[in-house]
Amino acid sequence: VNRPTGVTIIAILTIIMGIIAIFGGISIVIIVAYFSFAPISLTASNNTTITESVSPQLEQFFGTIGPIVGAVFVSLLAIGIGYFVMSYGLLKGKGWGWTITIILVIIGIGIQVLFAVTGPVFIASIVNTDDVDASNSLIAGIISSVIGIAISISILYYLYRRHVKSYFGKTQQQK
């Protein structure tokens with residue numbers, strides 16, 4: 001059975017998401033490492049500049065978030081590797097690739113629904129103080145969540161199409 005074009009597209013998008021996840025994790029570690037060790041210039045009351053390697057407050061802050069950054073890095077690395085494994089299963093027509101994709105898309109829809117309800121309100125209340133900016137952030141957040149949900153539902157619908165399920169060996173054999 002030939003691989004359906006849509007499966008190839010989903011697999012390519014999955015590879016891209018894996019690359020983004022891995023680079024995202026590495027970027028977080030690099031940024032935290034940079035700010036942990038970057039010299040900081042302090043100006044004293046007599047207009048003299050003092051350069052220190054790390055201020056005690058910054059050192060304490062990065063010491064506190066270090067384990068969190070490590071957990072985020074490991075999580076993003078695992079997610080990235082998971083996406084590569086999932087894309088392999090999709091490209092090779094493995095039944096487990098179809099199953100994992102279905103599970104992750106359903107989880108993604110749940111997360112997107114949760115973000116659609118809570119995320120924009122949180123962003124609008126924290127980031128913006130102007131009423132116009134706050135409402136624009138709220139609307140943009142809801143619209144992006146709805147678009148994400150629509151894409152995820154489309155992927156689910158596509159993966160349940162008969163010819164796609166057949167490619168993954170997920171159809172009942174007729175006797």
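Reader: Why is Thr-101 called buried?

Author: Thr-101 has a relative accessibility of 2%, and buried means under 20% relative accessible area, whereas exposed means over 50% and partly exposed lies in between (1.4 Å probe, protein chains only); Thr-101 therefore counts as buried. Please keep in mind that this is a predicted model, in which local features need pLDDT of at least 70 and side-chain atom pairs count only at pLDDT 80 or more, while totals for chains, interfaces and linings use all residues. Residues are numbered from 1 along each chain as its sequence is written, and side-chain values use heavy atoms, with hydrogens and water left out.

Reader: Where is Thr-101 found, and which residues is Thr-101 in contact with, leaving aside its neighbours within four places in sequence?

Author: Thr-101 is found in helix α3, where helices (H or I, at least four residues) and strands (E, at least two) are DSSP runs numbered from the N terminus. If neighbours within four places in sequence are left aside, Thr-101 is in contact with Met-86, Leu-90 and Leu-159, contact meaning heavy atoms within 4.5 Å.

Reader: How many helices and strands does the chain have, and in what order do the elements run?

Author: There are five helices and two strands in the chain, and from the N terminus on the order is α-β-β-α-α-α-α. Of the 175 residues in the chain, 27% are buried, and among the contacts with a separation of 6 or more, 65% are between residues 24 or more positions apart.

Reader: What makes a group of residues a nonpolar core, and which residues have the most contacts inside the largest one?

Author: A nonpolar core is a set of buried Ala, Val, Leu, Ile, Met, Phe, Trp, Tyr and Cys residues joined through side-chain atoms within 4.5 Å. The largest such core has 14 residues, and those with the most contacts inside it are Val-7, Leu-90, Leu-159, Val-164 and Phe-168. Two or more residues each come from α1 (5-37), α3 (95-126), α4 and α5 (162-167), and the largest share, four residues, is that of α3. Leu-159, with neighbours within four places again left aside, is in contact with Ile-10, Trp-98, Thr-101, Ile-102, Val-164, Lys-165 and Phe-168.

Reader: How do you know that Ser-152 is buried, and what does its side chain make a polar contact with?

Author: Ser-152, which lies in helix α4 (residues 131-159), has a relative accessibility of 10% and therefore counts as buried. Its side chain makes a polar contact with the side chain of Gln-112 at 3.3 Å; such a contact is a pair of N or O atoms within 3.5 Å, and within protein one must be able to donate a hydrogen and the other to accept it, while residues adjacent in sequence count only if both atoms are side-chain atoms. Beyond four places in sequence, Ser-152 is in contact with Val-105, Ile-109 and Gln-112.

Reader: Why is Lys-92 called exposed, and why does Ile-28 count as partly exposed?

Author: Lys-92, found in helix α2 (residues 56-92), is called exposed because its relative accessible area is 52%. Ile-28 lies in helix α1, and its relative accessibility is 29%, so Ile-28 counts as partly exposed. Not counting residues up to four places away in sequence, Ile-28 touches Val-69, Val-72 and Leu-76, and the C-alpha atoms of Ile-28 and Val-72, 44 residues apart along the chain, are separated by 8.3 Å.
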